[in-house]
Amino acid sequence: MERLDKLIASQGKYSRKDVKQLVARRRVTVDGGVAKSADVKVDETKAIIAIDGIPLTIKKNLYLLLNKPKGYVSSTEGHDGAYVLELVPEELYRDGLFPAGRLDKDTTGMMIITDDGQMAHRILAPKKHVKKKYLVTLDVPPTEEMVAKFKEGISLSEGLTKPAEMEILEENTAYVTLVEGRYHQIKRMFASCGATVVGLHRVSMGNLALPDDLPVGEMRELTEEELKLLEELV
Ligand code: URA
């Protein structure tokens, strides 16, 4: 059982104060009856709560898919400048949201933002080896020699990387798929081959690909199907 105001506020759109006002104005119903007070206890698994007659879908957790733009950090504190959490639209914002995984400030592409700590832990756990695929743009054309080196693993200061797949594309671009996520990993792997990464964009995590119709900087909730694909990772 959960307090009505707390439950509605946990969904993001309304604060507890808003809920008190809505209740006072008789705009909230629980199981068809007008809610008499904001602190009434309701069964969050069963109660049908409506505001102005429109039923609320109570979601335990929120899973957002972001096409990260350049210039935003994926940490949640300790940096000057813009955080990816600032991109969460007001109507989706709720306490406890955080980015599941890191991308560098200048990297673009797929990020999951959620308040489900357990799921995030599962997809990020190093031993899960979830595949993360990136579109990389270099200052030089990628070579077969690089492909071979990535496959063997590259020796970085903290040790050998796991084998990474690399697929050469046109001009100076390639896809690289990692099963781990070390600090600046792709940039450092290419640096050790004498190349500089000038563009980095994450295109997929496991079976879940960044949809073509989600512009850079935009975010939306994962569909049921996408959530399933994400769950297949873990
Ligand atoms: N590798 C990097 O160097 N940066 C990223 O943001 C992701 C992978």
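Student: How much of the chain is buried?
Tutor: Buried residues (under 20% relative accessible area with a 1.4 Å probe, protein chains only) make up 45% of the 234 residues. This is a predicted model, where local features need pLDDT of at least 70, side-chain atom pairs count only at pLDDT 80 or more, and totals for chains, interfaces and linings use all residues. Residues are numbered from 1 along each chain as its sequence is written, and side-chain values use heavy atoms, without hydrogens and water.

Student: What secondary structure does the chain have?
Tutor: Six helices and 19 strands, counted as DSSP runs (H or I, at least four residues; E, at least two) and numbered from the N terminus.

Student: And is the chain spread out or compact?
Tutor: Its radius of gyration is 22 Å, well over the 17 Å of the globule rule for 234 residues, so the chain is more spread out than a compact globule. The radius uses C-alpha atoms, and the rule is 2.2 Å times the number of residues to the power 0.38.

Student: What box do the C-alpha atoms fill?
Tutor: Roughly 70 × 30 × 30 Å along the principal axes.

Student: Pockets now. Which residues lie nearest the centre of the largest one?
Tutor: Arg102, Leu103, Asp104, Gly181 and Arg182, out of 34 lining residues. A pocket is an open set of 1 Å grid points, fitting a 1.4 Å probe, with protein on both sides within 12 Å along at least five of seven lines; lining residues have an atom within 4 Å of a point.

Student: Which elements give two or more residues to that lining?
Tutor: Helices H3 (117-124) and H5 (185-191), plus strands S12 (132-138) and S17 (197-205).

Methods. Buried means under 20% relative accessible area, exposed over 50%, partly exposed in between (1.4 Å probe, protein chains only).
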